[in-house]
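Visitor: I would like to go through the labels used for this structure and hear what each one rests on.
Guide: Then ask about them one at a time.

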Amino acid sequence: MFKFWRNTLRFAGLLVSFALVFRIPVCAQDQGQGTIRVDVNLVLVDATVKTKDGRIMSDLKKDDFEVREDGVGQKVEMFGRDELPLNVALVLDLSDSIGPFLAPLRDAATIALAALKPDDMAALFTFSTEAELRLPLTKDKSKIADQINTFDARGATNINDGIFVAAEYLLKAPPTGRRVIILISDDVGTDAGGQGTRDIVTEAIAADAVLYNLKIPGYNPPATMLHSAMTPGLVNIRKVMDATGGEVFDVQDVAHLDSVFSALIQRIKTRYTLGYYTMANGAEGKPHKLDVRLASSFGKKGRDYSILAKNSYYIH
């Protein structure tokens with residue numbers, strides 16, 4: 001009997017987890033008791049913790065963390081690593097400079113995405129002059145590589161709309177897991193598109209999506225670099241990553257693309273997930289500030305260790 005209730009509570013907990021920061025009715029069926037409907041405001045925060053010399057701190061416990069919302073300490077109710085499904089949006093640069101790297105990228109994507117769990121889903125977006133959805137969220141990750149194999153690279157580099165369109169899609173998608181956007185680009189923008197950095201940060205935070213950057217080498221002659229430097233309004237990728245808790249994985253040599261891409265996926269899978277119930281509501285329509293840190297015994301955040309986590313969230 002104890003085992004039954006333990007498993008029932010665990011299942012109910014996972015249902016609640018999928019509610020994320022949305023006010024979603026969660027139904028739990030209790031034998032002989034009918035259906036219970038519960039409204040929850042569960043805030044989930046993914047975090048990567050590093051020592052001051054950049055090593056990953058991989059053996060932390062729930063009590064090692066402190067979470068503050070708008071300056072007020074919160075009680076961490078949920079804690080784990082790689083227990084909730086992932087929704088991964090790949091945002092692929094298809095501008096002229098990426099052409100020579102598409103073939104090795106296809107192979108790298110096959111290897112890296114194979115490390116995801118069966119219930120994890122991936123979607124594929126591309127951008128050059130315009131951004132578009134190529135493949136909606138699917139559990140069949142092999143379709144991603146198949147799609148990449150059909151692409152030709154041409155046009156400008158509109159990174160702004162690439163990130164925004166992916167965040168907008170995730171915002172509208174049902175909340176079924178942790179959300180990640182992986183920008184695959186040489187990061188040399190030449191077209192500012194229709195969205196600025198502030199709008200992109202807002203959309204990503206609203207979608208509860210973390211931006212990662214797989215930065216690959218591209219072919220960019222001096223004229224392209226000059227054009228990029230003189231184009232106003234290009235997205236500040238670093239600012240979006242800092243706001244959402246992501247980081248850059250730099251591929252210095254295309255020969256290492258497989259290993260770097262796989263390391264990025266592994267980092268996403270092994271982030272800590274912290275969850276707490278908030279008393280806030282969405283009436284204000286503004287973001288709530290978040291601060292994740294370790295207990296005082298670990299020293300000072302930013303000096304003795306660093307934490308990559310989103311710095312705000314919206315309630316929908």
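Guide: A salt bridge here is a side-chain nitrogen of Lys or Arg within 4 Å of a carboxyl oxygen of Asp or Glu. In this predicted model, Asp-46, Asp-82, Lys-117, Arg-178 and Lys-269 are linked in a network of such bridges.

Visitor: How many salt bridges does this rule give?
Guide: The count comes to 16 salt bridges. Side chains of opposite charge can pair when their charged atoms come close.

Visitor: What makes Lys-50 and Glu-247 a salt bridge?
Guide: Their N to O distance is 2.9 Å, and the cut-off is within 4 Å, so the pair qualifies.

Visitor: Where in the chain do Lys-50 and Glu-247 lie?
Guide: Lys-50 is in strand E3 (residues 42-51), and Glu-247 is in the loop between H7 and strand E12 (248-250). The two are 197 residues apart, so the pair links distant parts of the chain.

Visitor: Why is Lys-50 called buried?
Guide: Its relative accessibility is 17%, and buried means under 20%, so Lys-50 counts as buried. Glu-247, with a relative accessible area of 7%, is buried by that cut-off too.

Visitor: Are Arg-55 and Asp-53, which meet in a salt bridge, buried or exposed?
Guide: Exposed means over 50%. Arg-55 has a relative accessible area of 52% and is therefore exposed. Asp-53, at 54%, also counts as exposed. Their side chains meet at 3.3 Å, N to O.

Visitor: What makes Arg-68 partly exposed?
Guide: Arg-68 is at 33% relative accessibility, so that is its class. Glu-66 has a relative accessible area of 30% and is partly exposed as well. Arg-68 and Glu-66 form a salt bridge at 3.8 Å, N to O, which is within the 4 Å limit.

Visitor: Why is helix H5 called roughly parallel to H7?
Guide: H5 (residues 197-206) and H7 (residues 237-244) pack at an angle of about 30°, with their axes 10 Å apart. Angles under 35 degrees count as roughly parallel, so H5 is roughly parallel to H7. The crossing is right-handed.

Visitor: Which residues make the contact of H5 with H7?
Guide: H5 contributes Thr-197, Ile-200, Val-201, Ala-204 and Ile-205, and H7 contributes Lys-239, Val-240, Ala-243 and Thr-244. These residues divide into six nonpolar, two polar and one charged.

Notes: Residues are numbered from 1 along each chain as its sequence is written. This is a predicted model: local features need pLDDT of at least 70, side-chain atom pairs count only at pLDDT 80 or more; totals for chains, interfaces and linings use all residues. Side-chain values use heavy atoms; hydrogens and water are left out. Axes are lines fitted to C-alpha atoms, for helices over the stretch in contact, and angles run from 0 to 180 degrees between N-to-C directions. Helices (H or I, at least four residues) and strands (E, at least two) are DSSP runs, numbered from the N terminus. Angles under 35 degrees count as roughly parallel, over 145 as roughly antiparallel, 65 to 115 as roughly perpendicular and the rest as oblique. A crossing is left-handed if the near helix is turned anticlockwise from the far one by less than a right angle, and right-handed if clockwise. Contact means heavy atoms within 4.5 Å. Ala, Val, Leu, Ile, Met, Phe, Trp, Tyr, Cys and Pro count as nonpolar, Asp, Glu, Lys and Arg as charged, and the others, Gly among them, as polar. Buried means under 20% relative accessible area, exposed over 50%, partly exposed in between (1.4 Å probe, protein chains only).
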